[in-house]
Amino acid sequence: TPPSPPSSFFSIPPIPPSSTTLLACIATGSLTGVGVTAFKSGIDLVHAFSFGRAFGIFEGQLSGANIAVIPIVGALGVSGLRAILGPRLDKKSTVADAALKNDRTSTGFRRWAQDALGVPLARVTAAVLTLGTGNSLGPEGPCVELGTAVGNVVMDAGKGGAPWWAEEDARRLLLASGATAGVAAGFDAPIAAVFFGVEVALRVPFTSSEFKGKERSPTVVGLLLASSVSALIAQAGLGSTPAFSVPTYDLRNPFVEYPLYLVLGLICGATSAIFKESLNQGKKIFNSEPLSSVPKTLTPVLGSVFTGIVALQLPQVLFFGYETLDALLAGGDEFTLPVLVSLFVAKNVCTAICLGSGLIGGTFAPALFVGATVGAAYNKLVSILFSGGYDLIVLIFGSDAAISRLAHLQIAEAPAYAMVGMASTLAGVFGAPLT
């Protein structure tokens, strides 16, 4: 009688913990890609309906008071959600949730479903209403929250039969994969999203032991897989066009422009501090008298009313996707120095008021907007100074001498400085220079 084959011949070998992590990251990235696609499609649908691109209900009537009314309609929807959920609508999904163990067994399935599914979906719906009607926030923050919420669900789904999920490092990686996938799908930038996952979500330097040793969780690989899958799905659903229309430009004179860019970096650092402080002040305004006595269900309407009034004079402060940023990067003639300064102030204030009032959205896009205005304004100011120097030399030495002396002082156009301002301000606000 031939010997029987070993039992392991017919059994499926157990999946190593590292492989389980990668499979979970792929699942998180896939679900996040689908969620972000639905989220951004919802914003486009509400925006098309609100501003008349699909049904024409406001078509031809966007001047005057109508442009101030549309944000209020979205805020009323957010107020309705706040009336239903109360303070729970403010609960964000973050990587810090990895320290918790709120699964089905500890809280009950119904409470788990409400916290893990109901609240994130309500926040996404509120963000669709907020952004689709033009309030001054951005979609990338909700994309990150959505990805983290998906990671939370995948994490809880694996806790019951996998003791390995009890490790906090594994849970942190999974939630960070969700956040990374959200950025990848939201910006269509999978590589930058990995840097975001490391710099912002995990807050781990590349020299950390997280990236060394076979026994450690495969951090970068997991983030890269989640990011790539999520971006691929979003591209299939939303198209593969870049988030911004970046113009081509050249470095006219490195010896002149490198110092100018260095100064711009310092200015953008101060801009980042101003932007973050304005957000803090916006929250304090609604938590202090007399606004603290207003019911929280009504404060979103106050924020949208303020934004609508500002939009009567500066409609660029409203959220229209990245149309205004694209116009800035294209170097439109309408963006004079006074207009840029006005937009800088107005966007800071409107974003702070919208966020502080309880409207739901992120601050990525507003930070980019503010940085672009600073960069473009800086370019125009430097150009004015150089022009003044040219006129002075013409007065003293004549035009031929001025041309020969100042030819080397030519600098790139405003869009180049706007793009650098965007990147620098975003890095300062979120502490993510590589992203």
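I took helices (H or I, at least four residues) and strands (E, at least two) as DSSP runs, numbered from the N terminus. This is a predicted model, where local features need pLDDT of at least 70 and side-chain atom pairs count only at pLDDT 80 or more, while totals for chains, interfaces and linings use all residues. Residues are numbered from 1 along each chain as its sequence is written, and side-chain values use heavy atoms, with hydrogens and water left out.

**Entry: cavity**

I searched the whole structure for cavities, meaning sets of points on a 1 Å grid over the protein atoms alone where a 1.4 Å probe fits but cannot get out. The search gave one cavity of 30 Å³ or more. I noted about 100 Å³ for the largest cavity, a volume being the space filled by probe spheres set on the points, which are joined across faces, edges and corners.

Which residues are closest to its centre? I listed Leu-318, Phe-319, Gly-321, Lys-347 and Phe-369, out of 13 lining residues (those with an atom within 4 Å of a point). Helices H11 (323-330) and H13 (364-397) each supply at least two residues of this lining, and H13 gives the most, with three.

I sorted the lining into nine nonpolar residues, three polar and one charged. Nonpolar covers Ala, Val, Leu, Ile, Met, Phe, Trp, Tyr, Cys and Pro; charged covers Asp, Glu, Lys and Arg; the others, Gly among them, are polar.

**Entry: cysteines**

I counted zero disulfides, a disulfide being a pair of cysteine sulfur atoms within 2.5 Å.

Technical notes:
On a 1 Å grid over the protein atoms alone, a cavity is a set of points where a 1.4 Å probe fits but cannot get out, and a pocket is an open set with protein on both sides within 12 Å along at least five of seven lines; lining residues have an atom within 4 Å of a point.
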